[in-house]
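Colleague: I am new to this one, please walk me through it.

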Amino acid sequence: MPTIHIRKTWDLDRSAATPEADFNGRRAFLAQVGLGGLGGLGAYGLITACRPSVADDGDVDVEDELRQTLVPPPGSAFEPGKRVAAYTLDRPLTDELTAARYNNFYEFGLNKERCWREAQRLTVRPWTIEVSGLVDKPLTLGIDDIIRKMPVEERLYRFRCVERWSMAVPWHGFSFRAFMDWVKPLSSAKFVRFVSFLRRDQAVGQRGNSGYTWPYYEGLRIDEAANELCFVATGIYGHDLPRQHGAPFRMVLPWKYGYKGAKSIVKIEFVEKQPRTFWNDQNPREYGFLSNVDPNKPHPRWSQATETMIGTNAPRPTLPYNGYGEFVAEMYKG
Ligand code: MTE
């Protein structure tokens, strides 16, 4: 693994600034071809990038700074959950600090090298979540009341980003089905909509004319939301979710591309009609509503047949539904 320290070429033209653009950095390219002096990186889809682990970087200052991001917020009710045996991995877990410094969180900028640092500006206590729309009773819930009420467990899940990187991490949290059992959507609810925070004072990416329609919003069909794999993460690697991973409440949908899992959610709305989604509104040709992982359906600008685990160089084949077909394929028959 190379130990060179080179800034990435993140300042791409705004029109190309999709998740894939964020992914293909200069460092990754150099790592692949062993060259410097790259200009005009245009063939995004041709390069398989990876992120060296923090230890490989040998950057002690960054390591200390990253460890600071793992400190729990004051007053958090988080307790680690017991591991559920049903969800096993076919690969080693990703190094924690590697995952903690390789994030997509556009509210904090497109630059991954700055984004995890910028995310530390987010105030995660107090934090409330509004549950509204077609529910028994609209509610506003405090995050720690939710954590105390829900059956917390640990799940080892694979995670596949549409940009072709992947990781394997131990999430802590609860099934969204358990949450729905609590808040009781009405039978007329056919979809659920998730909305992330809007805080221009804390989120640099939400300021000015970013071109994005903040806040971030996502959605699921109600049967998808009730699927046993659909998970709310409030923790990771045995402690509170750090801000860069979407503290204090984010969705994890391991059979879908990563962008379907909204981070730092403040509103959950049960609705009758299919809701609009952030990336679909940005670029409907490239990002659909379902967005299930499918190696046979290329992204318009790159193949989805393979992926690279962050922290290693090894490419691996991508599996249909990211390998979770036995749990979810039934929902998409016909
Ligand atoms: N949620 C919000 N609110 N903002 C974002 O930019 N990025 C998505 C998803 N959820 C995003 C988001 C994308 S593209 C990915 S791949 C995952 O978060 C990344 O999650 P991670 O940083 O914890 O790996």
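Modeller: The second largest cavity is lined by 13 residues, and those nearest its centre are Phe159, Leu253, Lys256, Tyr257 and Gly258. A cavity here is a set of points on a 1 Å grid over the protein atoms alone where a 1.4 Å probe fits but cannot get out, and lining residues have an atom within 4 Å of a point. This is a predicted model, in which local features need pLDDT of at least 70 and side-chain atom pairs count only at pLDDT 80 or more, while totals for chains, interfaces and linings use all residues. Residues are numbered from 1 along each chain as its sequence is written, and side-chain values use heavy atoms, with hydrogens and water left out.

Colleague: What lies nearest the centre of the largest cavity?

Modeller: Asn104, Phe105, Gly258, Tyr259 and Lys263 do, out of 22 lining residues.

Colleague: Changing topic, where is threonine 128?

Modeller: Threonine 128 is in strand β2, which covers residues 128–133. Although threonine 128 and isoleucine 143 are 15 residues apart in sequence, their C-alpha atoms are 5.8 Å apart in space.

Colleague: What does threonine 128 contact, leaving aside neighbours within four places in sequence?

Modeller: Threonine 128 is in contact (heavy atoms within 4.5 Å) with Thr140, Leu141, Gly142 and Val266.

Key. Helices (H or I, at least four residues) and strands (E, at least two) are DSSP runs, numbered from the N terminus. On a 1 Å grid over the protein atoms alone, a cavity is a set of points where a 1.4 Å probe fits but cannot get out, and a pocket is an open set with protein on both sides within 12 Å along at least five of seven lines; lining residues have an atom within 4 Å of a point.
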